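Dear colleague,

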Amino acid sequence: VGEYEVVNLANMAGEVLANLIPYTESKNIKLSLNDTTNGECNTIRGNKDALAILLRNLVDNAIRYTPNDGTIDVSIIHDDPYLTLRIADSGPGIPYDDRQQVFKRFYRRLGTQASGSGLGLSIVSRIAELHHANLKLGDSVYNGLQVDVQFTTKHTVDS
């Protein structure tokens with residue numbers, strides 16, 4: 001994965017999301033970033049490039065599956081013992097029975113209309129594993145998918 005350094009998740013997320021704005025604008029998707037940590041304890045030791053790929057893949061999936069005029073919310077939440085990177089969207093979500101399958105390489109749900117190779121979540125899973133992070137899929141407040149990437153605080157670095 002390369003060198004590990006202190007990574008400010010809010011700053012990294014801001015950079016990644018700025019590059020994705022043209023894609024959200026083309027679908028009139030509201031994209032927001034919320035750092036609920038108030039700048040405290042929002043850093044981890046990790047590989048910034050790999051973490052940016054993880055976030056880009058998750059948000060790219062959200063953009064692909066969220067319908068026009070939808071919502072994608074990226075949040076950074078410190079809830080001891082975790083620092084969580086949360087992506088919540090208003091897309092169709094993933095049925096409970098398929099949630100573990102989507103992390104397998106080349107897996108694509110039947111009936112999926114969005115383009116892709118089925119590698120995005122497999123890559124996300126590997127990057128999370130290398131950063132000792134847990135991945136949790138659930139239902140978002142927008143009736144879509146919520147992905148939580150939970151980093152344990154033992155891997156965080158005080159700001």
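Lys48 has a relative accessible area of 29% and is therefore partly exposed in this predicted model. Its side chain meets that of Glu15 in a salt bridge, with 3.3 Å from N to O. Because Glu15 belongs to helix α1 and Lys48 to helix α2, this pair ties together parts that are 33 residues apart in sequence. Glu15 is likewise partly exposed, at 42% relative accessibility.

The axes of α1 (residues 9-26) and α2 (residues 48-65) come within 10 Å and cross at roughly 35°, and the crossing is right-handed.

In the whole structure, four salt bridges were found. One of them joins Asp60 and Arg64, whose closest N and O atoms are 2.8 Å apart. Both residues lie in helix α2, four residues apart, which is about one turn of the helix. Asp60 is partly exposed at 22%, as is Arg64 at 34%.

A further salt bridge connects the side chains of Arg86 and Asp148 (2.7 Å, N to O). This pair links distant parts of the chain, 62 residues apart: Arg86 is in strand β5 (residues 82-89) and Asp148 in strand β7 (residues 145-152). Arg86 is partly exposed, with 26% relative accessibility, whereas Asp148 is buried at 8%.

With kind regards

Conventions
Residues are numbered from 1 along each chain as its sequence is written. This is a predicted model: local features need pLDDT of at least 70, side-chain atom pairs count only at pLDDT 80 or more; totals for chains, interfaces and linings use all residues. Side-chain values use heavy atoms; hydrogens and water are left out. Axes are lines fitted to C-alpha atoms, for helices over the stretch in contact, and angles run from 0 to 180 degrees between N-to-C directions. Helices (H or I, at least four residues) and strands (E, at least two) are DSSP runs, numbered from the N terminus. A crossing is left-handed if the near helix is turned anticlockwise from the far one by less than a right angle, and right-handed if clockwise. Buried means under 20% relative accessible area, exposed over 50%, partly exposed in between (1.4 Å probe, protein chains only).
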